Amino acid sequence: MLAAPKVNAFNPPRRTLMGPGPSDVYPEVLAAQARPTIGHLDPLFVGMMDELKALIQYAFQTENAMTLAVSAPGSAGMETCFVNLVEPGEKVIVCRNGVFGERMRQNVERVGATAVVVDNEWGMPVSVSDVEAALKANPDAKFLAFVHAETSTGALSDAKRLCALAKQHDCLSIVDAVTSLGGVELKVDEWGIDAIYSGSQKCLSCVPGLSPVSFSPAAVEKLKARKTPVQSWFLDQSLVMGYWSGDQAAGGKRSYHHTAPVNALYGLHESLRLLAEEGLENAWARHQNMHQVLREGLESLGLKFVVDEQSRLPQLNAVYIPEGVDDALVRKQLLENYNLEIGAGLGALAGKAWRIGLMGFSARRENVALCLRALEEVLR
């Protein structure tokens with residue numbers, strides 16, 4: 001018989017999280033997750049789910065009925081949108097200006113569809129004119145997919161104009177809002193976004209592991225009209241919605257689909273409640289204000305941003321590593337000496353840039369002050 005391992009309880013130190021995610025979690029969210037676990041079909045939990053749905057709708061600024069939280073991280077939210085909407089043989093215009101645009105392309109190909117890639121340089125937003133040219137050259141395209149806030153570079157693309165282009169060319173839009181939700185302006189209904197996904201661990205400052213998603217009525221019709229089954233049973237939204245919505249005429253009874261992560265959903269409910277209490281526009285302004293303070297400090301240290309100011313995300317700041325500076329050593333010293341985490345570069349920026357997050361509860365003046373002082377001392 002295998003011997004029982006002798007291990008102690010895991011007690012991590014209190015870090016200040018200023019990387020690309022997860023962000024610092026609100027104390028109220030951690031407290032909410034410690035509340036008693038009840039059944040995922042308990043009437044009280046079902047009532048909380050209704051509130052959670054309304055809070056997600058507020059965060060996305062949408063009245064879409066098919067709005068919920070996928071019981072998995074943002075990458076599963078991405079896959080949820082593609083496997084439900086895109087069928088084999090269909091054509092998708094995919095915008096790639098960083099790591100996560102490339103992941104969209106891989107999702108398209110995995111469902112047996114054709115990806116027409118619109119490439120833009122890392123650190124640049126998606127080019128509206130390049131997308132327009134691709135749509136004109138591919139009149140049989142069914143979808144336009146792009147990343148609103150590219151986490152690998154800190155570039156913000158013009159979702160409003162891109163979605164308007166999609167509509168003009170009879171395409172449904174699929175939008176990655178993992179890093180943008182709660183941090184910058186995002187208006188799903190007003191901008192005509194058809195399918196959108198995000199993550200709980202970025203500007204919502206909840207724990208990782210949940211993905212808010214929303215589908216427009218047009219996207220729902222596309223899902224209902226599928227000629228082939230959704231490839232993933234777990235992510236098939238036609239099945240999941242029976243759990244999230246239920247038949248209100250039958251007293252709102254929910255059909256069993258999977259055992260929901262009850263306590264994690266308590267946490268998301270609390271983080272979105274705090275966002276609603278602060279107000280979306282106030283949250284957007286707070287992220288921008290803290291970015292300005294951080295920007296001035298980073299530039300005074302001689303650090304240069306990857307993204308031009310007009311296309312720069314306030315909540316994800318990518319800066320070039322100074323010549324001769326050891327990337328890994330600096331991040332190691334920040335973690336060990338200051339309990340401060342910043343992120344390494346990804347993909348084309350690996351070893352060339354740091355990614356400094358100002359997301360949700362992390363977007364506070366004391367965090368900015370700590371980050372600037374610690375960087376100054378370590379770089380000195």
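Start by selecting S205. In this predicted model, S205 has a relative accessibility of 0%, so S205 counts as buried, the cut-off being under 20%. To get your bearings, look for the loop between β9 (195-197) and β10 (211-215), where S205 sits.

Now show the side chain of S205 and follow it to the backbone oxygen of D24, 2.8 Å away.

Next stop: a pair of helices. Select α2 (residues 43-60) and α9 (residues 237-244), whose axes come within 10 Å and cross at roughly 115 degrees. To see what makes the contact, show F45, M49, D50, L52 and K53 on α2, and M241, Y243 and W244 on α9. Color this set by residue type and you get six nonpolar residues, two charged and no polar ones.

Last, jump to helix α5 (residues 128-137) and pick out V128, V131, A134 and L135, which are buried. Why do these four lie on the same side of α5? They span an arc of only 125 degrees around the axis, so they share one side of the helix. As a rule, an α-helix has 3.6 residues a turn, so residues three or four places apart point the same way.

Bring up β3 (91-96), β4 (114-119), β5 (143-147) and α6 (159-168) to see what the buried residues of α5 pack against. Then turn to the face of α5 pointing away from its buried side, where you'll find K136 and A137 exposed.

Definitions and conventions. Residues are numbered from 1 along each chain as its sequence is written. This is a predicted model: local features need pLDDT of at least 70, side-chain atom pairs count only at pLDDT 80 or more; totals for chains, interfaces and linings use all residues. Side-chain values use heavy atoms; hydrogens and water are left out. Helices (H or I, at least four residues) and strands (E, at least two) are DSSP runs, numbered from the N terminus. Buried means under 20% relative accessible area, exposed over 50%, partly exposed in between (1.4 Å probe, protein chains only). A polar contact is a pair of N or O atoms within 3.5 Å; within protein, one must be able to donate a hydrogen and the other to accept it, and residues adjacent in sequence count only if both atoms are side-chain atoms. Axes are lines fitted to C-alpha atoms, for helices over the stretch in contact, and angles run from 0 to 180 degrees between N-to-C directions. Contact means heavy atoms within 4.5 Å. Ala, Val, Leu, Ile, Met, Phe, Trp, Tyr, Cys and Pro count as nonpolar, Asp, Glu, Lys and Arg as charged, and the others, Gly among them, as polar. The arc is that of the directions from the helix axis to the C-beta atoms.
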